[in-house]
Amino acid sequence: MTVAYIALGSNVGNRAAMLARARSEIGTMRDTRIVRESSVEETAPIGPIGQGPYLNQIVAVETRLDPHELLVALQEIELRAGRIRAERWGPRTLDLDIVLIEGQQVDDDRLTVPHPELPNRDFWQRELEEVRTLDG
């Protein structure tokens with residue numbers, strides 16, 4: 001099993017319900033289980049588009065899925081939650097990002113891990129630290 005860290009974000013509709021839905025669906029993915037969750041925090045939106053604040057959280061999962069299989073499964077969850085990929089950094093019902101995978105790096109046209117925005121998102125860094133600290 002590999003440990004992957006997934007960022008959950010929502011700023012459209014019932015944000016807390018969207019994060020709960022994401023956690024539930026991630027928990028039912030093939031060969032994957034959530035092992036830890038960070039606190040949920042509200043953050044200001046990133047980017048030039050006017051929009052409301054986000055709720056964000058990171059979950060740690062143990063998975064047998066390879067990084068691209070994990071990406072596809074997460075994108076399917078986003079689609080079921082009504083995610084529309086219209087504008088970069090635009091409002092979204094649900095955004096699921098693979099932030100980090102223990103012991104792995106990926107850099108191709110479909111996926112980059114660690115996530116290239118990790119150094120720029122202090123809330124991800126806080127949440128990641130919280131989840132990793134829970135490890136003991």
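**Close-ups of cores, salt bridges and polar contacts**

The structure holds 11 salt bridges, a salt bridge being a side-chain nitrogen of Lys or Arg within 4 Å of a carboxyl oxygen of Asp or Glu. This is a predicted model, with local features needing pLDDT of at least 70, side-chain atom pairs counted only at pLDDT 80 or more, and totals for chains, interfaces and linings using all residues. Residues are numbered from 1 along each chain as its sequence is written, and side-chain values use heavy atoms, leaving out hydrogens and water.

**View 1. The largest nonpolar core has 25 residues.** For the record, a nonpolar core here is a set of buried Ala, Val, Leu, Ile, Met, Phe, Trp, Tyr and Cys residues joined through side-chain atoms within 4.5 Å. Buried means under 20% relative accessible area, exposed over 50%, and partly exposed in between (1.4 Å probe, protein chains only). Ile 6, Ile 26, Leu 74 and Leu 96 have the most contacts inside this core. Two or more residues each come from strand E1 (2-10), helix H1 (15-27), strand E4 (54-63), helix H2 (67-80) and strand E5 (95-101).

**View 2. Ile 6 and its neighbours.** Leaving aside residues up to four places away in sequence, Ile 6 touches Ile 26, Gln 57, Ile 58, Val 59, Val 61, Leu 70, Leu 74, Leu 96 and Asp 97. Contact means heavy atoms within 4.5 Å. There's also a second, separate core of 12 residues, with Val 3, Ala 60, Val 99 and Phe 123 among its members.

**View 3. Glu 25 and Arg 80 pair up in a salt bridge.** Their closest N and O atoms sit 2.6 Å apart. Glu 25 lies in helix H1 and Arg 80 in helix H2, so the pair ties together parts that are 55 residues apart in sequence. Glu 25 is buried, at 16% relative accessible area, while Arg 80 is partly exposed at 48%.

**View 4. Arg 33 meets Glu 62 in a salt bridge.** Here the closest N and O atoms are 2.8 Å apart. Arg 33 belongs to strand E2 (residues 32-37) and Glu 62 to strand E4, so this pair ties together parts that are 29 residues apart in sequence. Arg 33 is partly exposed, with 45% relative accessible area, and Glu 62 is partly exposed too, with 21%.

**View 5. Asp 95 and Arg 92 form a salt bridge.** The N to O distance is 3.0 Å. Asp 95 is buried, at 12% relative accessible area, and Arg 92 is buried, at 10%.

**View 6. Thr 32 makes a side-chain polar contact with Thr 63.** The distance is 2.7 Å. A polar contact is a pair of N or O atoms within 3.5 Å; within protein, one must be able to donate a hydrogen and the other to accept it, and residues adjacent in sequence count only if both atoms are side-chain atoms. Thr 32 is found in strand E2 and is buried, with a relative accessible area of 8%. Not counting residues up to four places away in sequence, Thr 32 touches Ile 26, Gly 27, Val 61, Glu 62, Thr 63 and Leu 65.

**View 7. Gln 51 sits in the loop between strand E3 (41-43) and E4.** With 18% relative accessibility, Gln 51 counts as buried. Its side chain makes a polar contact with the side chain of Asn 11 at 2.7 Å, and another polar contact, of 3.3 Å, joins the side chains of Gln 51 and Tyr 54.

Key. Helix = DSSP H or I, 4+ residues; strand = E, 2+ residues; numbered from the N terminus.
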